[in-house]
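Here is a friendly walk through one protein model. Please have a look at the sequence and the fold before reading on.

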Amino acid sequence: METGSPAGAETAGAEPVWTGLPPGLLRMRRLLLVVWLGLAAVGTGLLLGLLVGPAWAAFALLPLAGIGWGWVLLGRNWRSWRYAERADDLLISRGVLWREETVVPYGRMQLVEVASGPVERHFGLASVQLHTAAAATDATIPGLDPAEAERLRDRLTELGEARSAGL
């Protein structure tokens, strides 16, 4: 994972400096996966074991297999997320099979907010949500450290105000 400078400095014509997401987001998502599918496995095993017969309780292994499969997929998805601050816009790249790159021009941003639900707060995470006039260019960067999310919000707001003043 590459880490960019806070100002997103880059030379003209060079590749953008990408910043990956912190590992706390991956830990949170994997814990939620284990909790929910673990509960599904226990519930399936108990219900089928009591109502149909002990042999049917083996179907509880399906959610457990889902945990292993989901564990790998969550890691790949987490590694695919990255963002880069450039001179005139913010790049957000994500996706494993279907790669998606969103370019959000600073001058088009109308609102930049930091959001953090109860589970995210427990893990010390926050998301930055970018809203533009065109809904197609709205974007979110999940799972950031709250201090980084606030820094990014303040910087993007500052750059957005500077760029839109020139319109």
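The points below go from the overall fold to the core, the first helix and the strand pairing.

Please keep in mind that this is a predicted model. The protein has 4 helices and 7 strands, and their order along the sequence is β-α-α-β-β-β-β-α-β-β-α.

**Overall picture**

- Of the 167 residues in the protein, 34% are buried.
- Among contacts with a separation of 6 or more, 46% join residues 24 or more positions apart.

**The largest nonpolar core**

- In soluble globular proteins, nonpolar side chains tend to be buried together.
- Here the largest nonpolar core holds 24 residues.
- Leu90, Ile92, Leu130, Ile141, Leu144 and Leu156 have the most contacts inside this core.
- Two or more residues each come from helix H1 (23-51), strand S3 (89-94), strand S5 (109-115), strand S6 (126-132), strand S7 (139-144) and helix H4 (146-165).
- H4 is the top contributor to this core, giving 4 residues.
- Leaving aside residues up to four places away in sequence, Leu130 touches Leu90, Ile92, Val104, Met109, Leu111, Val112, Asp138, Ala139 and Leu156.

**Helix H1**

- How far apart are the end C-alpha atoms of H1? They are 42 Å apart, which agrees with the 42 Å that its 29 residues should span at 1.5 Å a residue.
- The buried residues of H1 are Gly24, Leu25, Leu26, Met28, Arg30, Leu33, Gly38, Ala41 and Gly45.
- These buried residues pack against helix H2 (61-80), helix H3 (118-122) and S7.
- An α-helix has 3.6 residues a turn, so residues three or four places apart point the same way.
- Just after H1 comes Gly53, with a positive phi of about 150 degrees.

- Why is S6 largely enclosed by the rest of the structure? The reason is that 5 of its 7 residues are buried.
- S5 and S6 run antiparallel and are joined by 6 bridges.
- Val114 is placed opposite Val128 in S6.
- S6 also pairs with S7, again in the antiparallel sense, over 4 bridges.
- Leu130 has Ala139 in S7 as its bridge partner, and Ala139 is also among the residues that Leu130 touches.
- In a regular strand the side chains alternate between the two faces of the sheet.

Conventions
Residues are numbered from 1 along each chain as its sequence is written. This is a predicted model: local features need pLDDT of at least 70, side-chain atom pairs count only at pLDDT 80 or more; totals for chains, interfaces and linings use all residues. Side-chain values use heavy atoms; hydrogens and water are left out. Buried means under 20% relative accessible area, exposed over 50%, partly exposed in between (1.4 Å probe, protein chains only). Contact means heavy atoms within 4.5 Å. A nonpolar core is a set of buried Ala, Val, Leu, Ile, Met, Phe, Trp, Tyr and Cys residues joined through side-chain atoms within 4.5 Å. The expected span of a helix is 1.5 Å times one less than its number of residues. Two strands pair if DSSP finds at least two bridges between them.
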